[in-house]
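Please keep the sequence and the structure in view while reading.

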Amino acid sequence: MKHTEVKEIMSNPELVGSFVTVCGWVRTARDSKNMAFLALNDGSTLNHLQIVIDKNAGVNLPPEAAKLGASLKIEGTVVVNPNNGSAEIDAKEIAVLGVCPEDYPLQKKFQKLETLREMPHIRVRTNTFNAVFRVRSVMAAAIHRYFQERGYIYVNTPLITGSDCEGAGEMFKVTTIGYSDAYKNADDYYADDFFGKKAGLSVSGQLEGEVMAMAMGKIYTFGPSFRAEKSNTLRHVAEFWHVEPEIAFAELPDLIEIAEDMMKYIIRDYMEKCPEELKFFEERFEKGLTEKLLNVINNDFAIVDYTDAIELLKKADADFEYPVEWGCDLQSEHERYITEKIYKKPVFLINYPKGIKSFYMKQNPDGKTVAATDLLVPGVGEIIGGSEREADLDKLVKAMQDKGMSMDDYGDYLALRKYGSVPHSGFGLGFERVIMYCTGMSNIRDVIFYPRTVGNIR
Ligand code: 4AD
């Protein structure tokens with residue numbers, strides 16, 4: 001259907017005076033005896049196009065056209081509204097493409113986010129989700145551009161895997177055998193299953209990413225990861241989108257530089273490309289959002305040793321629910337205190353105790369810590385997790401033994417340390433978390449199309 005998009009009409013002054021066809025959904029309708037005004041949105045912009053219907057001039061407004069949610073095709077002339085200078089349409093013909101009955105759920109101007117969460121197929125038609133999903137698209141493109149412009153190879157790592165990257169017992173099982181009591185033990189069961197062994201949905205593409213980095217040098221993945229953790233929080237979903245660069249010949253300080261540069265690049269790009277969305281989020285969800293993001297792109301991130309952070313937390317004037325001791329895994333309340341109260345900016349925490357981190361992380365000479373880093377940001381907490389990788393075969397095997405892991409599932413991974421091993425590093429960025437940070441949306445369920453959480457799927 002040939003038509004001109006709302007965005008084009010509202011942003012191109014050369015169209016004033018021309019006769020156009022526009023299509024879209026009715027967002028608001030005001031109808032009176034002589035005149036009617038419809039606000040039309042086609043998804044191309046956050047802004048609605050005003051359609052003016054002059055009934056005295058003989059323009060026919062079908063009754064179903066003035067209903068919220070109805071889809072219309074309108075022909076008319078682009079004119080400028082003398083009051084606000086915006087382009088609008090002086091309609092001549094209005095055709096109803098699809099009627100929208102009274103039970104359309106978006107009758108009220110504002111609906112609670114909780115209510116909208118119950119109808120993911122409808123909420124995308126609200127201004128909030130129009131803005132969220134455009135920003136998601138722009139930021140996804142920025143991430144690809146960042147890595148592509150710097151020569152990284154984009155790799156699609158498998159989603160079904162036989163090895164557990166993080167080893168935290170959070171894998172969804174993949175099986176074609178339903179409930180059965182026909183097997184004597186787990187080994188028999190898995191042997192009979194589709195792959196002939198235990199399989200699951202990947203929690204991270206890192207292990208395969210490392211394989212590719214040992215050939216291509218710099219790679220990145222950008223795809224879904226799955227976690228079966230039962231934490232029902234504002235920042236966890238069972239299926240999230242994960243950006244994972246892996247870089248050969250990079251040590252921890254190199255990795256930190258790349259992560260900071262990437263974050264600044266994608267935020268700058270978002271601010272340039274989505275000024276209307278940013279303004280919308282600033283007004284509706286986070287006062288000071290623009291200022292916060294400007295501060296991020298214009299200042300250095302902090303780099304803080306885990307051991308120093310523990311000291312700071314111990315001295316903190318705060319009533320933490322979980323006690324702080326060297327060796328403890330930091331809780332969200334601790335991470336947020338460090339980044340929100342102490343540093344008031346993004347913080348790379350580095351050199352964590354080896355006991356609380358994954359087997360693959362490079363062991364520091366102190367014998368106690370690993371060359372890991374998490375990037376913590378105000379409001380969201382951890383947004384990136386990464387490390388230099390242990391490149392020494394013997395040390396890696398020892399770490400795996402200490403964690404009680406079976407070597408059988410990691411043959412390919414261990415071979416990397418045998419054949420031309422090099423220092424290398426990588427990180428994982430939670431895409432939804434970065435969207436939360438940049439939009440001020442406080443619940444991860446509101447930045448992903450169909451959120452999957454414990455007890456919730458549709
Ligand atoms: O810290 P994580 O578990 O690190 C890894 O998976 C590494 N293999 C990454 C790497 O080095 N290549 O996860 C990385 C990031 C977290 O910082 C967080 O932003 C996000 O992934 N993340 C989640 N996001 C939403 N829901 C969940 N359940 C998430 N789990 C992790």
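## Helices α4 and α8

In this predicted model, the residues N127, T128, A131, V132, R134 and V135 of α4 are in contact with E277, F280, F281 and R284 of α8. Sorted by class, this contact contains 5 nonpolar, 2 polar and 3 charged residues.

Helix α4 covers residues 127-149 and helix α8 covers residues 275-284; their axes come within 10 Å and cross at roughly 130°.

## Helices α4 and α7

Helix α4 also packs with helix α7, which spans residues 252-273. The angle between α4 and α7 is about 135°, and their axes are 9 Å apart. The two helices are therefore oblique to each other, and α4 passes α7 in a right-handed crossing.

On the side of α4, the contact involves V135, V138, M139, A142, I143, R145, Y146, F147 and E149. These residues meet I258, D261, M262, Y265, I266, D269, Y270 and K273 of α7. The contact of α4 with α7 comprises 12 nonpolar and 5 charged residues, with no polar ones. V135 of α4 takes part in the contact with α7 and also in the contact with α8.

## Helices α9 and α14

Another packed pair is formed by helix α9, residues 289-298, and helix α14, residues 431-439. Their axes lie 9 Å apart, at an angle of about 120°. Helices α9 and α14 are therefore oblique to each other.

From α9, the residues L289, K292, L293 and V296 make the contact, and from α14 the residues Y437, C438 and T439. By class, 5 of these residues are nonpolar, 1 is polar and 1 is charged.

## Surroundings of the ligand

Which residues are closest to the ligand? Of the 25 residues that surround the ligand, the closest are E166, Q206, E229, E244 and E382.

Conventions:
Residues numbered from 1 in each chain as written. Predicted model: local features only at pLDDT ≥ 70, side-chain atom pairs only at ≥ 80, totals over all residues. Heavy atoms only, no water. Axes fitted to C-alpha atoms, helices over the stretch in contact; angles between N-to-C directions. Helix = DSSP H or I, 4+ residues; strand = E, 2+ residues; numbered from the N terminus. Contact = heavy atoms within 4.5 Å. Nonpolar A, V, L, I, M, F, W, Y, C, P; charged D, E, K, R; others polar. Near = heavy atom within 4 Å. Parallel < 35°, antiparallel > 145°, perpendicular 65-115°, else oblique. Left-handed = near helix turned anticlockwise from the far one by under 90°.
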